[in-house]
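Here are a few notes on the model you sent over. I've kept them to the protein–protein contact and the DNA side.

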Number of protein chains: 2
Amino acid sequence: MAASATREKIITSADRLFYERGFEATSFADVAKAVGISRGNFYYHFKTKDQILDAVIERRIKDRHDMLNDWVDDRQTPKQCVASFIGILLMNNKKIRSFGCPVGTLFSELAKLHHPSESGARKLFDLFRIWLRRRFEDMGRPHDADALAMHILARSQGAATLANAYPNEPFLENEVNQMIAWLDAVADQNAKKD
Amino acid sequence: MAASATREKIITSADRLFYERGFEATSFADVAKAVGISRGNFYYHFKTKDQILDAVIERRIKDRHDMLNDWVDDRQTPKQCVASFIGILLMNNKKIRSFGCPVGTLFSELAKLHHPSESGARKLFDLFRIWLRRRFEDMGRPHDADALAMHILARSQGAATLANAYPNEPFLENEVNQMIAWLDAVADQNAKKD
DNA sequence: CCATGATTGGGACAATTGTCCCAATTCGTC
DNA sequence: GACGAATTGGGACAATTGTCCCAATCATGG
């Protein structure tokens with residue numbers, strides 16, 4: 001098999017395992033078994049575990065980047081874009097209830113480990129933050145766009161954490177509705193000023 | 001030294017290490033070194049690592065329980081009580097910026113590990129949830145007290161996660177101010193109905 | 001002061017970890 | 001079909017893990 005294809009399969013399996021079990025709790029052997037290759041072969045594709053982590057982070061950044069920009073390209077209004085962002089919580093609600101937010105939980109773990117890739121994980125937050133900020137700017141909020149972006153990012157993180165703690169409750173849906181209502185209020189505030 | 005005193009020192013050190021480094025990333029040897037006892041001696045006080053974790057969770061529950069009830073005993077109004085809860089974020093802002101929320105990050109890790117003590121960690125959330133619910137009930141919100149409690153809990157979790165990701169920004173203070181403003185609005189809503 | 005039980009440190013144990021090597025196999029190309 | 005490079009599996013390696021045992025030391029009551 002082509003090396004690049006095996007490499008992609010490794011990243012895919014590692015991505016899922018790092019999310020579901022955590023980075024440290026996932027061993028080389030776990031990933032190798034999931035991919036269906038030997039531990040020895042593994043070394044041919046990635047020299048260290050940290051290299052896999054970096055590849056996984058890079059993959060996640062690319063995936064999220066494409067998802068966000070698709071919404072913009074689809075001619076969604078800035079408000080619709082932010083609503084789509086909030087909708088991620090419902091789109092992935094099953095996984096979030098089981099494992100929390102892939103961005104937040106990875107960052108928390110790497111921060112505690114003082115892992116060199118902590119800054120890489122923060123780039124995932126940056127991606128969402130900058131994209132959201134731009135949307136709020138386009139909504140006519142140049143002065144507080146960043147604060148609004150951080151606010152909705154924090155609300156999402158909190159909702160994911162609590163949904164993970166209480167997976168069998170309608171909490172997540174309620175919280176999403178409140179966030180959409182908040183978004184409406186932000187947009188209305190703008191309409192008044194115009 | 002009395003066995004009980006050594007035991008308390010072990011719990012204190014483990015509590016800090018589990019918070020700062022995570023449960024899995026903290027080894028028996030780490031805790032033993034922090035306490036200043038030998039690894040062999042350790043076994044005399046705790047048979048397994050999971051037993052230490054349970055003791056740490058129990059300790060955290062007791063500490064938070066006492067803190068919350070002190071506010072009630074101090075004749076603070078229900079609204080003041082909730083404000084004090086929100087104020088935890090500022091009181092512990094340095095630690096939160098470095099290591100996130102002790103409750104949320106521990107729960108996330110144990111959830112990923114499918115650790116038996118996941119339910120114990122959830123009790124920490126329950127403690128805050130039930131206490132907050134009671135305060136909102138006392139504020140005259142019997143119908144949506146639980147939803148309000150969950151909401152403020154989620155907001156706190158999200159604020160802690162983002163403060164951990166962006167420790168050098170005034171974000172946490174802004175978010176606390178917004179939460180206090182939200183609390184005022186909830187209380188005002190009540191005043192109108194009266 | 002001694003005897004008894006509580007507490008301790010040193011170290012053994014198998015299992016697993018990330019890392020690394022190397023001989024065998026597979027593959028594309030001539 | 002043969003050659004050379006790409007890819008593979010099996011296994012070695014030291015280090016660390018949680019767990020456990022045991023002999024030495026301590027404190028205390030007789």
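1. A polar contact here is a pair of N or O atoms within 3.5 Å. Keep in mind that this is a predicted model. With that cut-off, look at Arg39(A): one of its polar side-chain atoms sits 3.0 Å from a base nitrogen of DNA strand D.

2. Which helix gives the most to the surface near DNA strand D? That's helix 3 of chain A, with 5 residues. By class, this surface has 6 nonpolar, 9 polar and 3 charged residues.

3. Now the two chains. The area buried between chain A and chain B is about 3100 Å², with carbon and sulfur atoms giving 59% of it. On the chain A side, Lys112(A), Met150(A) and Tyr166(A) lose the most area to chain B, together 22% of what that side buries. The contact takes 35 residues from chain A and 36 residues from chain B.

4. For polar links, there are 16 residue pairs in polar contact between chain A and chain B. Helix 9 of chain A gives the most to the side touching chain B, with 12 residues. The rule also finds 2 salt bridges across this interface; Arg129(B) and Glu169(A) meet in a salt bridge at 2.7 Å, N to O.

Methods. Residues numbered from 1 in each chain as written. Chains lettered and ligands numbered in written order. Predicted model: local features only at pLDDT ≥ 70, side-chain atom pairs only at ≥ 80, totals over all residues. Heavy atoms only, no water. Contact = heavy atoms within 4.5 Å. Buried area = accessible area lost by both parts, 1.4 Å probe. Salt bridge = Lys/Arg side-chain N within 4 Å of Asp/Glu carboxyl O. Polar contact = N/O pair within 3.5 Å; in protein donor to acceptor, adjacent residues only side chain to side chain. Helix = DSSP H or I, 4+ residues; strand = E, 2+ residues; numbered from the N terminus. Nonpolar A, V, L, I, M, F, W, Y, C, P; charged D, E, K, R; others polar.
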